[in-house]
Amino acid sequence: MARMKFVCDSERCIECNGCVTACKNENEVPWGVNRRRVVTLNDGVPGEKSISVACMHCSDAPCMAVCPVNCFYKTDEGVVLHDKDVCIGCGYCSYACPFGAPQFPSQGTFGVRGKMDKCTFCAGGPEENGSQAEFEKYGRNRLAEGKLPACAEMCSTKALLAGDGDVVADIFRNRVVQRGKGAEVWGWGTAYGSKKAGQAPETGAKS
Amino acid sequence: MKHIAWIAVACVMLAACGEKPQTAGSPKSDSAAYTGTGSVFTAPGWKAGDKTAWELHLKARQQNSQNDYSRMN
């Protein structure tokens with residue numbers, strides 16, 4: 001199987017926030033944390049575009065590179081996950097991530113950061129698959145239930161595509177050919193490009 | 001006897017002075033997604049533990065649920 005990937009089709013996203021709501025509900029994400037957000041570019045200007053953003057599960061994840069306690073790991077499917085029992089809440093990953101994916105609950109005493117929380121591609125964490133401990137720490141493990149991430153499956157316009165990277169690319173390519181526009185894929189090059197993540201894109205190149 | 005008791009008390013008291021190891025942990029090993037959860041909410045059409053069946057099932061699910069050109073045209 002190819003790697004699991006996300007892509008948001010900005011020609012289709014209508015900023016309904018259904019993906020955000022589906023994620024919050026499915027994973028019972030704590031108050032103050034949004035694993036997924038909808039960002040609108042040129043808001044209020046004719047031709048504005050919206051995109052749904054969360055952890056992109058990068059090929060060369062910068063969060064993994066900077067973590068001082070090595071709490072991240074990558075599954076065989078390319079999903080970037082982390083162990084909350086190892087995380088010390090330092091926040092380095094949130095500075096390194098180009099998508100702003102790592103989130104921190106703020107209910108700690110004197111504003112102390114809690115353990116980092118981020119999108120898991122609905123793949124849970126290192127606890128036993130489908131266990132209560134896994135659900136409480138990381139949310140539901142839909143991949144192990146033979147399902148795809150709730151955000152993409154809930155998307156009403158199918159703007160948000162998730163799953164096998166080859167199939168995602170196939171679906172998106174077909175759309176672009178059919179409609180004859182909208183080939184720009186926000187974040188694809190940054191997350192899955194061959195260049196090192198975090199480096200500036202080449203002049204004129206799409207990221 | 002009293003001498004032994006004092007040594008025992010000293011051992012208990014000094015035990016608190018020991019330093020806990022601060023070696024960095026590493027993530028626990030995670031079981032693969034295709035092994036399933038055993039949940040009643042598992043999607044039908046594949047068998048837990050069969051990686052190929054799981055992959056084919058997810059690809060079919062992705063095409064059926066996300067590729068509206070193939071569903072509607």
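1. Basis. The structure is a predicted model, in which local features need pLDDT of at least 70, side-chain atom pairs count only at pLDDT 80 or more, and totals for chains, interfaces and linings use all residues. Residues are numbered from 1 along each chain as its sequence is written, while chains are lettered from A and ligands numbered from 1 in the order in which they are written.

2. Contact between the chains. Chain A contributes 32 residues and chain B 32 residues (contact: C-beta atoms, placed from the backbone, within 7 Å). On the chain A side, α5 (150–154), β6 (160–164) and α6 (165–179) each supply at least two residues (helices are DSSP runs of H or I, at least four residues, and strands of E, at least two, numbered from the N terminus). The largest share, 4 residues, comes from α6(A).

3. Strands β2 and β3. Strand β2 (residues 37–41) of chain A runs antiparallel to β3(A), with 5 bridges between them (DSSP must find at least two for strands to pair). Within this pair, A:R37 stands opposite A:V53.

4. Helix α1. The buried residues of α1 (residues 18–27) of chain A are A:C19, A:V20, A:A22, A:C23, A:K24 and A:N27. They pack against β2, β3, α5 and β6 of chain A. Just after α1(A), A:E28 has a positive phi of about 45°.

How values were computed. Two residues are in contact if their C-beta atoms, placed from the backbone, lie within 7 Å. A residue is buried if 20 or more other C-beta atoms lie within 10 Å of its own, exposed if 12 or fewer, and partly exposed in between; C-beta atoms are placed from the backbone.
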